[in-house]
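These are my notebook entries on what I looked up in this structure. I began with the open spaces and then turned to single residues.

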Amino acid sequence: MSNSDIYHEMIVDYSRNPVNYGRIEDPDVTFHDANPLCGDSIDIDMNMDQGNVADIKFHGHGCAICMACSSVLTEMVKGKSIGEVRRVGKQDVLSELGLEHLQAVRIKCALLSLKVLKSALYTYLAKQSGQGHDADSLKNEAKSLY
Amino acid sequence: MQSTVNLDHLRGDFPILGRTVRDGKPLVYLDNASTTQKPDSVIDSISDYYRCHNANIHRAVYALAEEATEAYEGTRNKVTSFINAESREEVIFVRGTTEAINLVAYTWGRANIGEGDVVVTTEYEHHSNIVPWQMLVQEKGARLEYVRVDQNGELILQDLHEHLATGRVKLVTFSLMSNVLGTISDARKIVEACKKAGVPTLIDGAQAVPHMPVNVRELECDFFAFSGHKMLGPTGIGVLWVRKPVLETMGPFHGGGDMIREVHKYETTWNDLPYKFEAGTPNIAEVVGLGAAIDYLRSVGMSNVRQHEMDLTEYTLQQLSKIRGIVVYGTRDLAKRGGVVSFNFADVHPHDVAQILDDAGISVRSGHHCAQVLMEKLDVAATTRVSFCVYNTKEDVDALVASLERVAEVFKL
């Protein structure tokens, strides 16, 4: 398999027409991160309702892999509970797009939005009283993604 | 187009160019602004140094130490004549351009930049000629100002004149060739204006020295920095040249062995130039390798190198202009640009372009090229960049163009 086989129909389509792309006005939580090496940059806005992700949007710029994974990830977690979102791991994102064998150098492109999502979640949890411990462990999860 | 110099025969001198990548594709290496490949003569010089002459320099009296010292100091002589410095005492070995600029900021900068002073840089600098100055001005309560880049990718010199007119400028620093746009700065005009205002100049020569004749005495700057690995030499070695009257006013950088004359319990006197700035055991083998790289470039002739890369750049600009959706950044005037071509292809991200090119064995750089200030100016997140060296050929450009057609196919452009 050659490395450019990753550019299958689904990736190209998602990168051309990203899903959940945009901003939420006055969101409950927002988070931004970037890959310092390649300059990919993603923001995620979320509205929460009774412990569920009521709405989620992302914006920014990145390569096709980054944009496709952001689309798939936001689709995956919309409407899910905080507990369910926490259980979403890197394999879930990669396998959804057939990227299990992605080269190490491109993993950061694929997982940037997951890192931003987990960071957004701990930012949200940290804001809620009494959830400090949860927020800290999520922060570590986000940091150790790649 | 008829090439005026043909350097195709040089390819055989670079063993790595004979290898294949990604399932048997011949390597097409087009990331020379990042680092260049090494000829046999450079590789062999390093191996020969370790096999036959390895010893520490400047100290022991035995035969090996003498040979090692001769080889090390021999490169200093080669550098001196390669850049036409007045004296070998002006040539300091450092790890690379980044360390050279940091050395100037740390020693000269800390002694000469004060509160309210201004350091002027440009919008097309590499991070290594921005960040050290940000650190310095923050420490000193000084300011960093920019000479902007125009639509053609050239410096707006009016900005320089305006900054100089304030009377607060203490240093002007700029690269001789942009690592993204390939623009060659009008160093003569910049230095002339600075000299008239009594302001010293630092030139980042990392991209220029490997690709065109450079003469520091003609440039009339005060500081000049470049790296070995971008000029066919090893990594971990570079040069800082400082005009002697300026160098004589500068305090040391790192303290340690070799940079001292006498060390007592509570005080030390410094060694002579240039050793005062070379603390500790240096990268001796890499210095030897740099000497071999200079020999190689001189045997080709820097004017031939420049002509060859101008020809390739012209051919590349012509070929890219035939592909719909390609936007090339920077000037079309070949006299004002080196062999660096940055572009974007419709809305396809440069990483994706680079990945598809890589599949065909073509190595290009994608990203911000350590020039995020310039990326902001161009209003792009990243570009794809091809950059040439003596060993590149028109066939390399043809391979690039063929693979760009594959990019268009995959992304349905």
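**Entry 1. Largest pocket.** I noted that H5(A) gives the largest share of the lining of the largest pocket, 5 residues. I recorded that helices (H or I, at least four residues) and strands (E, at least two) are DSSP runs, numbered from the N terminus. The model is predicted: local features need pLDDT of at least 70, side-chain atom pairs count only at pLDDT 80 or more, and totals for chains, interfaces and linings use all residues. Residues are numbered from 1 along each chain as its sequence is written, chains are lettered from A and ligands numbered from 1 in the order in which they are written, and side-chain values use heavy atoms, with hydrogens and water left out.

I then took down how such spaces are found. On a 1 Å grid over the protein atoms alone, a pocket is an open set of points with protein on both sides within 12 Å along at least five of seven lines, whereas a cavity is a set of points where a 1.4 Å probe fits but cannot get out; lining residues have an atom within 4 Å of a point. Grid points are joined across faces, edges and corners, and a volume is the space filled by probe spheres set on the points.

The volume of the largest pocket is about 550 Å³. Its lining has 22 residues, and Val105(A), Arg106(A), His351(B), Ala354(B) and Ser366(B) lie nearest the centre. I found that at least two lining residues each come from helix H5 (104-127) of chain A and from helix H11 (350-359), strand E15 (362-363) and strand E16 (365-367) of chain B. By class I recorded 8 nonpolar, 8 polar and 6 charged residues in this lining. For the classes, Ala, Val, Leu, Ile, Met, Phe, Trp, Tyr, Cys and Pro count as nonpolar, Asp, Glu, Lys and Arg as charged, and the others, Gly among them, as polar.

**Entry 2. Second largest pocket.** I read a volume of about 340 Å³ for the second largest pocket. It is lined by 20 residues, with Gly62(A), Met67(A), Asp347(B), Val348(B) and His349(B) the closest to its centre. Helix H1 (9-16), strand E3 (52-61) and helix H2 (64-77) of chain A, together with H11 of chain B, each supply at least two lining residues. This lining divides into 11 nonpolar, 6 polar and 3 charged residues.

**Entry 3. Cavity.** How many cavities of 30 Å³ or more does the structure hold? I found 1, and the largest cavity has a volume of about 50 Å³. Its lining includes Val120(B), Val147(B), Leu160(B), Phe174(B) and Ile190(B). Strand E5 (118-122), helix H5 (157-165) and strand E7 (169-175) of chain B are the elements that give two or more residues to this lining. I counted 8 nonpolar, 3 polar and no charged residues there.

**Entry 4. Glu123(B).** I located Glu123(B) in the loop between E5 and helix H4 (131-140) of chain B. Is Glu123(B) buried or exposed? Glu123(B) counts as buried because its relative accessibility is 12%; buried means under 20% relative accessible area, exposed over 50%, partly exposed in between (1.4 Å probe, protein chains only). A polar atom of its side chain lies 2.8 Å from the backbone nitrogen of Val149(B). Leaving out residues up to four places away in sequence, I listed what Glu123(B) touches, including Tyr146(B), Arg148(B), Val373(B) and Lys377(B); contact means heavy atoms within 4.5 Å.

**Entry 5. Cysteines.** I found 0 disulfides over all chains, a disulfide being a pair of cysteine sulfur atoms within 2.5 Å. For Cys66(A), which is in no disulfide, the nearest cysteine sulfur is that of Cys63(A), 5.5 Å away. Cys66(A) is buried, at 0% relative accessible area. Cys221(B) is also in no disulfide, and its nearest cysteine sulfur, that of Cys194(B), is 11 Å away.

**Entry 6. Backbone.** I noted a cis peptide bond between Leu273(B) and Pro274(B), with omega about 0°. Pro274(B) lies in the loop between strand E12 (268-270) and helix H9 (284-300) of chain B. Gln50(A), a residue other than glycine, has a positive phi near 50°. Gln50(A) counts as exposed, since its relative accessibility is 78%.

Key: A polar contact is a pair of N or O atoms within 3.5 Å; within protein, one must be able to donate a hydrogen and the other to accept it, and residues adjacent in sequence count only if both atoms are side-chain atoms.
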